[in-house]
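Welcome! Here is a short tour for someone meeting this structure for the first time. Take a moment to look it over, and then we can walk through it together.

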Amino acid sequence: MTATDHAQIDWDEHGNPHSRVFADVYFSTESGLDETRHVFLTQNELAERFAALPAQGRLVIGETGFGTGLNFLCAWQLFNASAVADARLHFVSVEKYPLSRADLERALRLWPELQSFADRLLGQYVAVHQGFQRFVFEAGRVTLTLLIGDALEMLPQLDGEIDAWFLDGFAPAKNPEMWTPELFAELARLAAPGSTIATFTSTGWVRRALNAAGFKMKRMPGIGHKWEVLKGHFVGQPEDARHTEAVMTSRVKPWFARPRLPDGPRTALVIGAGLAGCATASSLSARGWQVSLMERHGDLAQEASGNPQGVLYLKLSAHGTPLSQLILSGFGHTRRLLERLERGVDWDDCGVLQLAFDEKERERQAQLAAAFPDDLLHVLDPATAQSRAGVALESGGLFYPQGGWVHPPALCRHQVNMNKVQVLAHREVIELRRDEGQWQAWDGERLLASACVVVLAGAAEIKRFPASAELPLKRIRGQITRLAETPASQALATVVCAEGYVAPARGGEHTLGASFAFNSDDLTPSVAEHLGNIELLREISEDLSQRLKVDTLPPENLQGRAAFRCTSPDYLPIVGPLADRAAFLEAYAVLRKDARQTPDTECPWLEGLYVNSGHGSRGLITAPLSGELIAAWLDNEPLPLPRSVAEACHPNRFVLRGLIRGKQETR
């Protein structure tokens, strides 16, 4: 995605937006609201369907062409007017050229009656970058998943079922790529049984192509200058379409398929109240689950999530790896969450500067700057970097203007309080037992709690349970150092990173670090690692070291804390349902001989057992969205990430790789 990928808009004399690329209007300049309601809401019978939703019911709308968000806002308004209080709306929309925030705000001013909804959208319209971008409104009652990119690249990666389709690309004559048989085949693949569809065009070849894809279409009276529109419903993909190469290769392998939804009441235990556990508990609670968040300490965020400042740092790849895609999506989701916290106390979007400390790093940064838009990252020369940081630096670097620092415990508290999660402190779960469809958490002789679902979110501590003992999680000790702010150090205006990092002061203290100790189980802060952090600070800025008077500080008096990061061998988190390892090896043993096989055998899932762990030093960016991913698995809703990324994070990836390597080892 480049900086020019924002929509290029011209405004007419009445303030209506027109696409410069497609030479077309975003909505009817005569009756945009009436047309949206007639074409998309009425033809999909949404008022009646919203009203018929039961408690905890959900309706999923899919859209081709988000544009100004007008259709989304109208659907949200109607949903709030028609649905019961605890029903949910999930809106999925694909958009290749998202509007800039300024253009979106200008366009939405045209509709005063939608202002309360538009203001909430605008309040979260930050960090909207390439890929899947998740927005959560009204404490989870309304969810928007924006797929930023080309529709025929994005929709094949969507894992979910759509109940109602809005076809709203620019006119077929202006934007033919949005009206192809290939795209309509994707709409059919994603359509839920009985799914409906509506579009403003009544062009004959569009109707025939939709019919051929599996929708039964008919013309309906139009509105305004549109004489006719199309509506239809899904009757099933034609037999020949079900066996095309594209469809066959897109089928989910059984080891990555969705487990059957748990029977019984929607109750869950989440074990571990750090960033991953709090996010998971919050996401489940937002969907009506009764969640107990179990923590062995006396409060939230007492281990790796308890540092005074963490950095929103995006370690990206120019090659679109699963990790890079996860980071882009997770960064956007976290940034939107942080907008609800207190800036300057709980977080600050002061930006992050990664110094180009050697030639290899300079080359890497140049590649990234060429691959991503300027509003995400851009290179600063030494003079500009120094001006931005407020302290003297030896080099320029890569600047992330939307990054900054976060107080992780504040984010944990916000997520728990937002959805009124029950926290059970001083509960150390030693053993999990399965009894009559329930998971029981025991601390030895005492039953602590029970539920239909358990999510293990306790970092590397989850290896104590037999079901997750074989997951390749590794603990890495890290120590941060806290330094008192001085009048001179107040000049530091942004987070600066090299091998270590230092952040502008929070509450009168700077955080700097962090050490990496691979073979230590001792969490007592050490003088040696404090001195190592001081050396990392000198490498970042000798000027800042002098401003903080580090040479005058007695090493034995330095303050800080140590905790364990928890990481996996491929640096991706481990998020999703757990399988019975022994049964998995037996069920898919054929993969030892031929990795191309896909046995028609259901994965032997451990019913109701999930994991959210292995976030390493990226938990601020990856853990909140991973909570949404767990909730999507458990609530059978569209996943918040591309299917390939969800599979790259799946717990089964390790045992699967082991089987395939076994094939190689027998040669």
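## A guided tour

Let's begin with Leu 368, a residue of helix H13, which covers residues 359-371. Keep in mind along the way that the model is predicted. Leu 368 has a relative accessible area of 2%, so it counts as buried. Which residues surround Leu 368, once its neighbours within four places in sequence are left aside? Its contacts are Leu 316, Ser 317, Ala 318, Leu 377, Leu 398 and Tyr 400. His 378 is 10 residues from Leu 368 in sequence, and the two C-alpha atoms are 8.3 Å apart in space.

The largest nonpolar core contains 74 residues, and Ile 61, Trp 165 and Phe 215 have the most contacts inside it. Helix H3 (residues 70-82) gives the most to this core, contributing seven residues. A second, separate core has 72 residues, including Leu 312, Val 453, Leu 572 and Tyr 610.

Helix H1 (residues 32-42) is mostly covered, with eight of its 11 residues buried. Among the buried ones are Leu 33, Val 39, Phe 40 and Leu 41, but also Glu 35 and His 38. The cover over the buried residues of H1 includes helices H2 (46-52) and H3, together with strands S8 (162-167), S9 (191-199), S10 (215-221) and S11 (228-234). Helix H15 (residues 408-418) is likewise mostly covered, and eight of its 11 residues are buried. Pro 408, Pro 409, Leu 411 and Val 416 are among the buried residues of H15, and so are Cys 412, His 414 and Gln 415. After H15 comes Lys 420, which has a positive phi near 55°.

A charged residue can be buried too. Glu 95, in strand S5 (residues 88-95), is buried and yet has no salt bridge. The nearest side chain of opposite charge belongs to Lys 96, 9.3 Å away. What does the side chain of Glu 95 reach instead? It reaches the backbone nitrogen of Phe 66, at 3.1 Å. Not counting residues up to four places away in sequence, Glu 95 touches Gly 65, Phe 66, Gly 67, Leu 147, Ile 148 and Gly 149.

Elsewhere, charged side chains do pair up: the structure holds 43 salt bridges. Three of them are listed here.

| Salt bridge | N to O distance |
|---|---|
| Arg 266 and Asp 635 | 2.8 Å |
| Glu 428 and Arg 464 | 3.2 Å |
| Asp 551 and Arg 538 | 2.3 Å |

Take the pair of Arg 266 and Asp 635, whose side chains meet in a salt bridge. Arg 266 sits in the loop between helix H10 (245-250) and strand S12 (267-271), and Asp 635 in helix H19 (residues 619-635), so the pair ties together parts that are 369 residues apart in sequence. Arg 266 is partly exposed at 28% relative accessible area, whereas Asp 635 is buried at 8%. The pair of Glu 428 and Arg 464 has partly exposed partners: Glu 428 has a relative accessible area of 33%, and Arg 464 one of 32%. In the pair of Asp 551 and Arg 538, Asp 551 is exposed at 62% and Arg 538 is partly exposed at 26%. Salt bridges that share partners also join Arg 58, Arg 88, Arg 134, Arg 266, Arg 287, Glu 628, Asp 635 and Glu 637 into one network.

The backbone has some features of its own. Most residues other than glycine have a negative phi, and most peptide bonds are trans. Glu 138, which is not a glycine, has a positive phi of about 50° and lies in the loop between strands S6 (131-137) and S7 (142-148). His 426 has a positive phi of about 55°, and its place is in the loop between strands S20 (422-424) and S21 (431-435). Gly 513 and Ala 514 are joined by a cis peptide bond, with omega at about -5°.

Finally, an unreviewed UniProt entry lists residues 269-633 as "domain: FAD dependent oxidoreductase". In the model, that span is 28% helix and 25% strand, and its end C-alpha atoms lie 15 Å apart.

Notes
Residues are numbered from 1 along each chain as its sequence is written. This is a predicted model: local features need pLDDT of at least 70, side-chain atom pairs count only at pLDDT 80 or more; totals for chains, interfaces and linings use all residues. Side-chain values use heavy atoms; hydrogens and water are left out. Helices (H or I, at least four residues) and strands (E, at least two) are DSSP runs, numbered from the N terminus. Buried means under 20% relative accessible area, exposed over 50%, partly exposed in between (1.4 Å probe, protein chains only). Contact means heavy atoms within 4.5 Å. A nonpolar core is a set of buried Ala, Val, Leu, Ile, Met, Phe, Trp, Tyr and Cys residues joined through side-chain atoms within 4.5 Å. Lys and Arg count as positive and Asp and Glu as negative; His and the chain ends are not counted. A salt bridge is a side-chain nitrogen of Lys or Arg within 4 Å of a carboxyl oxygen of Asp or Glu. A polar contact is a pair of N or O atoms within 3.5 Å; within protein, one must be able to donate a hydrogen and the other to accept it, and residues adjacent in sequence count only if both atoms are side-chain atoms. UniProt positions are given in the numbering used here, feature names are shortened, and annotations may be inferred rather than shown by experiment.
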